[in-house]
Amino acid sequence: MSTPLNRISPLQVRERAACMCEHGDVCTSLAPGHALHLIQARLASATPADWVDGIVESADALTGDLVVRTLDGQTRALWNASGAALEAAPGTPVALHARYGVLAVGRVQFNVAAA
């Protein structure tokens, strides 16, 4: 006689899933604004013409919100859960790859979501 398997429905699994950054730990999600995926970083570096330079206007380390003004005058409101606002204080020069959602602060890159 075999033991019946207790299966969890996909809906229950999705409801239980939470990124560790919500609990103060390292980001485990690859959703926009969370951890940067290797493929995302490679796609951004493979399309150098899509990078736009900018200056951080405001950064809130508690909420992860950033406002970047590009050199052509556009303002971009961004969000990141993995510390971009800690690295990019107001006045910091950055590069934004809007197509793949990557913000470069010096040599460090972050996955960002449009806020």
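## Tour from a buried asparagine

Select N80 first: N80 is buried, at a relative accessible area of 2% (buried is under 20%, exposed over 50%, partly exposed in between, with a 1.4 Å probe and protein chains only). This is a predicted model, in which local features need pLDDT of at least 70 and side-chain atom pairs count only at pLDDT 80 or more, while totals for chains, interfaces and linings use all residues. Residues are numbered from 1 along each chain as its sequence is written, and side-chain values use heavy atoms, with hydrogens and water left out.

**Around N80.** N80 sits in the loop between β3 (75-79) and α3 (84-87). Helices (H or I, at least four residues) and strands (E, at least two) are DSSP runs, numbered from the N terminus. Show the N80 side chain and the backbone nitrogen of A84: the side chain reaches that nitrogen at 3.1 Å. Leaving out residues up to four places away in sequence, N80 touches G33, H34, G64, F110, N111 and V112.

**The whole chain.** Zoom out. The chain has 3 helices and 7 strands. Along the sequence they follow α-α-β-β-β-α-β-β-β-β. Of the 115 residues, 30% are buried. Among contacts between residues at least 6 apart in sequence, 51% join residues at least 24 apart.

**The sheet.** Select the strands. All 7 strands form an open sheet, ordered β6-β5-β4-β1-β2-β3-β7, with antiparallel pairing. β6 and β7 (113-114) stand at the edges with a single partner strand each, so one side of each has no neighbour in the sheet. Two strands count as paired if DSSP finds at least two bridges between them.

**β1 and β2.** Select residues 51-60 and 65-70. These are β1 and β2, an antiparallel pair with 6 bridges. Pick V56: its bridge partner in β2 is V68.

**The β5-β6 hairpin.** Select 102-105 and 108-111. Here β5 and β6 run antiparallel, joined by 4 bridges. V105 has V108 in β6 as its bridge partner. The hairpin has 2 residues between its strands, and G106 takes a positive phi near 65 degrees.

**Confidence.** Last, colour by pLDDT (the predictor's confidence in each residue, from 0 to 100). The chain mean is 82, and 73% of residues reach 70 or more. Select residues 11-20: pLDDT stays under 50 there, and the model has 11 contacts beyond four places in sequence for this stretch. Where pLDDT is low, the predicted coordinates should not be read in detail.

Note on methods: Contact means heavy atoms within 4.5 Å. A polar contact is a pair of N or O atoms within 3.5 Å; within protein, one must be able to donate a hydrogen and the other to accept it, and residues adjacent in sequence count only if both atoms are side-chain atoms.
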